[in-house]
Amino acid sequence: MSEPATYLLERSRIESAHTMEVARKHGAYRGIEKVLREGWTPEQLIEEVKDSGLRGRGGAGFPTGLKWSFMPNRAKDPRKRYLAVNADESEPGTCKDRILMECDPHGLIEGILLAAYAMGTEVAYVYVRGEYRLPYQRLSNAVDEARAAGLVGQGIGGTDFACEIWMHKGAGAYICGEETGLMESLEGKRGHPRPKPPFPAGLGLWGQPTTVNNVESLFNVPFIVDRGAHWFRTMGTEKSPGNILVGVSGHIEKPGVFEVPLGMSAKQILEEYAGGIWKGRALKAWFPGGSSTGLLPASMIDLPMDHDSLKEAGSMLGTASMIMLDETACVVRAMEVIARFYDHESCGQCSQCREGTEWLHQIFGRIEAGNGRQEDIELLSSLASGMAPGKTICALADAAAIPTHAVVRHFRTDLEEHVRLGGCPSAGATQETVGAAG
Amino acid sequence: MIEITIDGRKVEVDPKQPLVRACHEHASDVPTYCYHPGLSPVGSCRICQVEVQQGNGPPRVVVACRTPVAEGMVVNTQAPGACDARRECLEFLLKNHPLDCPICDKAGECDLQDYSFAEGQTEGRSVEPRRKLEKRKSLGDVIVLDQERCILCSRCVRFFEEVTEKPQLTVSDMGARSVISTFADRPLQGNYQGNVADICPVGALTLKEFRFQARVWNLRKSFSTCGECSRGCAITVEVLRGKDVKRVRPRYSPEVNQWWMCDTGRFALEPYEGERAPAALMRGNEGLVAGDPVQATALAAQLVSLHAPGAVIASPWVTVEEGELLLDFARRVGAPAWFVSPAANGLKDDLLHTGDPCPNRRGLLELGFEARTAAEILTALPDMDTAVLVGERVVELIGEADLDALSSAVRLVALEARPPQVQGIVACLGVPSAVERVGTWVNVDGHRGTIAASRAAALGVPPTTQTIQNLIDALAPAEVEA
């Protein structure tokens, strides 16, 4: 197979790339140095990122440059502004940001500096998932190293550019990965998402203009600056340019995080990178981008992994974390696990989400346990329609509703079989439940 | 003001208010649970969804409490999409809500019950067991929480955060396990706890005092004014079977108390426990005995005609209307008009309570009454031949025992709501209490609050104004000319 060009994981493969010395030797901070040396204007930097077509890697796929441009004009709005880095990677099946923070923290710091330069945020908070001890440690050490080298703090690179980076550890709530929940949590409150509008760019952290970016999104920026938007567009697709980190987990031979251009088919990723389905078995079902994206049948494994193709197929790219289930797996059991996750992680503000996630969990549990009724299948669809889309403050209800709709659409026979047999056909068999470990 | 269209009608609305307010003000009935006009909108219950169209954009279903109004906005509260969204939301809210209505104090004034009834969804689709939580968790001396009924609207949480500015309640745990609680289960504190039972849209927070006391549809409600301090909060007095005041609740008044009232006022349901003064009492050989009001009035008039009173002393509960007549009376008998002014009672706070227990201080001062403390009155009385005491609580406020100790140093005529145990009283005419008469009190800021007769006074006890008028009429005509 011909390896496509990679850049995201290049340094990560090098020994001790988490240290300043090695990272700099391999190109870290070239982007920010270029911007400072050539005296780019913030607008110029935002334009470059816009031109690159970079889309956020946190799940929603919103264009990063456009998001940055929503920050109010500094001349008209002198308020202090913040950057919050979403490193609360909690989507079940997802572990890409972890690799970046563990193996190449200086790459993220450079991304933060460039974002700060573009938006004029003098303070950046990195909200790290609480369970990520090593990534937190590596990133903290890297920030200290960068500060010692004059790359974080006041007067960066001898200019008047200033950016302070503060680390924050989450306490284990999925909902704190939602950008407004994250802001509430950073402010020391319960991680209850805020209704939008107002949007963070207008009223974010402590009521100030704020942008929340995912780790991988920021990580792409130094490369765009260093090599140009045009170079970035040579990879990926027209509407989803660049490479993306795909975490493949589940019933496969070689689980891992792989860097592929956007638009590569899921089948190719599964076979050429993840070693195919394990034990010579066949694929039954797969999640293209974490548990919040719609479960797809094996017949759709040819789909290209990019935002628009998956959206057309009724699913989502999400965090591009493929969870693969082999032919012995029970999708109803998988959905019960996932529904339990959303039931457990709903913040409880919105009626539909608080009650709906619990209800879905109860119904999937009943069907799996053999107490399902035929009408439960329609009820699942109907409840999922009552919860989403866009009916609640944040997208957690959507995240529970999307896989529910998908399982009814693509795996109705499995549900019906459970109801008819009064139990799980594969009950008793060793269930190798993987993927939804959160 | 800007113009928007609500359900086909063009209306003028305040651009600073959320859309839900405009809907309510223009008779479009959008249900709300988490939204309360006195609290910040959080948009979490999602029940107030309506369809909105702006410009050439497609119609969208939005929560009305978090949507600002905009010029030209077209709102359809009855659009199928909006109705469906509300119905779905209601179904989720009802999924774990107990079928408690027959024993719930909120039944009859419950927003969830009302909307369920209006929607007509008689059967649930859930076969799951309902959530089991604490049914009677005490939150202090005033409030009981039923966690099963709670729909987590967080109005109570925001009330303490935003109105009293002393946060006491929070939502603890998350998701379907969320419950309202105080930190470390501490009891609620402060003088404003009762308000959370009013704003609770369901029967989750109820008043211990009112628990199982009455079905709300049996309560006769009248609009009145609280007399516990000079704030004069607008209230609703709720009376069961024309007799017992079962509940007092705040009534919205933009100038005075908005939606709130203090617990002191709320629980001052019956200021007079025990005996009430009959229409007339006259002193005979066996002390004060019930008599004929006409005779008692004549006796009182004769006494003050022959022995000019040293003062006419009003209770601070006397209304403006009663005060005017009383001034007329005082002028005719040539006496100064005072009112008893008790000291501040230490209940003053930053929110509503003024600490001044005189509901009509300002009204009486404006009429020309002079304030006198009980001590000043007690010092002055022995030098007087006679004196006239008028209004509920007047004897109590001057000091019943102290008045009694004056013995026959001064002969007194009293218009009281309770039979006074005071030796000096020659004649006493019964008057109605604040919940039995109508009139006006002027509060500390000059706002005129109306008190209403929420129930009938005792048999034969006329309004105070009539009693004073009868006294005036009974004075000798020569005095009138003078």
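This is a short tour of a predicted model with chains A and B, stop by stop, for you to follow in your viewer.

**Stop 1: the domains of chain A**

Start by colouring chain A by its domain assignment, which gives domain 1 (11-233), domain 2 (248-326) and domain 3 (331-421). Now show domain 1 and domain 3 of chain A together: their C-alpha centres are 35 Å apart. In the contact between them you will find eleven residues from domain 1 of chain A and seven residues from domain 3 of chain A. On the domain 1 side of that contact, six residues are nonpolar, four are polar and one is charged.

**Stop 2: a loop in chain A**

Stay in chain A and select the loop between α8 (179-186) and β4 (210-214), where A:P197 is found. Which kind of peptide bond leads from A:K196 to A:P197? That bond is cis, with omega near -5 degrees. Step along to A:P198, which sits in the loop between α8 and β4 of chain A. The peptide bond from A:P197 to A:P198 is cis as well, with omega near 0 degrees. Further on, pick A:W206, also placed in the loop between α8 and β4 of chain A. Phi of A:W206 is near 50 degrees, a positive value although the residue is not glycine.

**Stop 3**

Move over to chain B and display its open sheet of five strands, with the order β2-β1-β5-β3-β4 and mixed pairing. Which strands stand at the edges? They are β2 (9-13) and β4 (60-63) of chain B; each has a single partner strand, so one side of each has no neighbour in the sheet. As you look across the sheet, the twist averages 40 degrees from one strand to the next.

Strands of a sheet pair through backbone hydrogen bonds, either parallel or antiparallel. For one pair, zoom in on β3 (residues 49-53) and β4 of chain B: they pair in the antiparallel sense over four bridges. If you label B:E51, its bridge partner in β4(B) is B:V61.

**Stop 4: a helix across the sheet, and the other chain**

Keep α2(B) selected and bring chain A back into view. Between the two chains, 22 residues of chain B are in contact with 23 residues of chain A. Which element gives the most to the side of chain B that touches chain A? It is α2(B), with seven residues. Taken by class, the chain B side has nine nonpolar, six polar and seven charged residues.

**Stop 5: two crossing helices in chain B**

For the last stop, select helix α7 (residues 293-306) and helix α13 (residues 464-474) of chain B, whose axes come within 9 Å and cross at roughly 55 degrees. That angle makes α7(B) oblique to α13(B), and the crossing is right-handed. To see the contact itself, show side chains for B:T297, B:A298, B:A300 and B:A301 on α7(B), then B:N470, B:L471 and B:A474 on α13(B). The contact of α7(B) with α13(B) has five nonpolar residues, two polar ones and no charged ones.

Terms used:
Residues are numbered from 1 along each chain as its sequence is written. Chains are lettered from A and ligands numbered from 1 in the order in which they are written. This is a predicted model: local features need pLDDT of at least 70, side-chain atom pairs count only at pLDDT 80 or more; totals for chains, interfaces and linings use all residues. Axes are lines fitted to C-alpha atoms, for helices over the stretch in contact, and angles run from 0 to 180 degrees between N-to-C directions. Angles under 35 degrees count as roughly parallel, over 145 as roughly antiparallel, 65 to 115 as roughly perpendicular and the rest as oblique. A crossing is left-handed if the near helix is turned anticlockwise from the far one by less than a right angle, and right-handed if clockwise. Ala, Val, Leu, Ile, Met, Phe, Trp, Tyr, Cys and Pro count as nonpolar, Asp, Glu, Lys and Arg as charged, and the others, Gly among them, as polar. Domain bounds come from an automatic or database domain assignment. Two strands pair if DSSP finds at least two bridges between them.
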